[in-house]
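Subject: Structure handover and what was found in it

Hello,

Please read them with the structure open beside you.

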Amino acid sequence: MPPVNALSLSRESDLVQNPDLPTVLVVEDEMMVRMPIAEYLRDCGYTVLEAGNASEAIDTVRAEGPVNVVFSDVRMPGNMDGFGLAEWFQAHYPAVPVLLTSGYNGGRNLPGGAAARARFIEKPYSQTQVARQIASLINA
């Protein structure tokens, strides 16, 4: 896959969706939060899959195949939160980086294990911030 240049992400209007570019799984239960960031990432040229909770995210990956990066809220409904989802990805797809977000704890109380290896971005975030973090995870 061609590398994504984080500097080019600020010119999203010049980018066109390309199936050869990386796939990002956006996991967020609040549709009004998920839709704008998913659309922005599409405008940046990523293929974007969406899920409303961890169970949907796992089902999506099982149906669609592996993704290149996961961007997930920490707090969401269901029996698994974002930390648990990061643990699931570490167990099943250890090469897939996870970027977690929350407005509640600011990342100060991240648990140990695989979730501790996940990157964290505090809400509210800018779309450009998220795109740059994703690009750096993909290019790492």
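The strands form an open sheet of 5 strands in the order 2-1-3-4-5, with parallel pairing, where two strands pair if DSSP finds at least two bridges between them, and where strands (E, at least two residues) and helices (H or I, at least four residues) are DSSP runs numbered from the N terminus. Strand 2 and strand 5 stand at the edges with a single partner strand each, so one side of each has no neighbour in the sheet. From one strand to the next, the twist averages 20°, with axes taken as lines fitted to C-alpha atoms (for helices over the stretch in contact) and angles running from 0 to 180 degrees between N-to-C directions. Strand 3 (residues 69-73) and strand 4 (residues 98-102) run parallel and are joined by 4 bridges, and S72 has L100 in strand 4 as its bridge partner.

This is a predicted model, in which local features need pLDDT of at least 70 and side-chain atom pairs count only at pLDDT 80 or more, while totals for chains, interfaces and linings use all residues. Residues are numbered from 1 along each chain as its sequence is written, and side-chain values use heavy atoms, with hydrogens and water left out.

Helix 1 lies across strand 1, strand 2 and strand 3, at about 165° to strand 2, whereas helix 5 lies across strand 1, strand 3, strand 4 and strand 5, at about 175° to strand 5.

The structure also holds 5 salt bridges, each a side-chain nitrogen of Lys or Arg within 4 Å of a carboxyl oxygen of Asp or Glu. In one of them, E28 and K123 meet at 2.9 Å, N to O; E28 lies in the loop between strand 1 (23-27) and helix 1 (31-43), and K123 in the loop between strand 5 (119-122) and helix 5 (127-139), so this pair ties together parts that are 95 residues apart in sequence. E28 is buried at 3% relative accessibility, while K123 is partly exposed at 21%, where buried means under 20% relative accessible area, exposed over 50%, and partly exposed in between (1.4 Å probe, protein chains only).

Another salt bridge joins R34 and E50, with the closest N and O atoms 3.0 Å apart.

Best wishes

Conventions: Contact = heavy atoms within 4.5 Å.
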